Amino acid sequence: MSIIRTAYRNELAEFRAARASGDYVGAWQRLERGHIIAQGSLPLHLHSHGVMLAFAVSRREWAEVAGQVLRLFLAPLGTLTGRTPMGNTGRSDVSAFASMPIPADIAQIVNAGRD
């Protein structure tokens, strides 16, 4: 299993733990981190938005639901054109087109995954 896939799965496991304990802010943070890790892989990128969508629905966060639906459509286009905004957290409160700084620990994972 690749370092990217392993790191992504680890973030999802942390998301599930935070959600189960009622730490919804922490759960969203883990989904954001997972999204950053997943951006280089279309299947993982789509999966990250699918999980974000399901979580937003479960929380009845309707603006987030709408944002995730839009991002599910945009992710393949960004990947096919090579214009995925790296570092973007994938949430509806940030532009779907804005690149963002990548946390240092995630940058190491992403860079190692390119080797």
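Colleague: How many aromatic pairs does the count come to by the ring-centre rule?

Modeller: The count comes to three aromatic pairs, where rings of Phe, Tyr and Trp (its six-membered ring) pair if their centres lie within 6.5 Å, and planes under 30 degrees apart are called stacked, over 60 edge-to-face and the rest tilted. One of them joins Tyr 24 to Phe 55, with 6.3 Å from centre to centre and 40° between the planes, and it is classed as tilted. Because Tyr 24 sits in helix α2 and Phe 55 in helix α3, this pair ties together parts that are 31 residues apart in sequence.

This is a predicted model, in which local features need pLDDT of at least 70 and side-chain atom pairs count only at pLDDT 80 or more, while totals for chains, interfaces and linings use all residues. Residues are numbered from 1 along each chain as its sequence is written, and side-chain values use heavy atoms, with hydrogens and water left out.

The axes of α1 (residues 3-20) and α2 (residues 24-38) come within 8 Å and cross at roughly 170°, each axis being a line fitted to C-alpha atoms over the stretch in contact, with angles running from 0 to 180 degrees between N-to-C directions. That crossing makes α1 roughly antiparallel to α2 (over 145 degrees; under 35 is roughly parallel). On the α1 side the contact (heavy atoms within 4.5 Å) includes Ile 4, Tyr 8, Leu 12, Phe 15 and Arg 19, and among the α2 residues that they and their neighbours meet are Tyr 24, Ala 27, Arg 30, Leu 31 and Ile 37. By class, the residues of the contact of α1 with α2 divide into eleven nonpolar, two polar and five charged, with Ala, Val, Leu, Ile, Met, Phe, Trp, Tyr, Cys and Pro as nonpolar, Asp, Glu, Lys and Arg as charged, and the others, Gly among them, as polar.

Turning to α3, its axis and that of α1 come within 12 Å and cross at roughly 5°, which makes α1 roughly parallel to α3. Here α1 contributes Ile 4, Arg 5, Tyr 8, Leu 12, Phe 15 and Arg 19, whereas α3 contributes Leu 44, His 47, Ser 48, Val 51 and Phe 55. The contact of α1 with α3 has seven nonpolar, two polar and two charged residues.

Note on methods: Helix = DSSP H or I, 4+ residues; strand = E, 2+ residues; numbered from the N terminus. Parallel < 35°, antiparallel > 145°, perpendicular 65-115°, else oblique.
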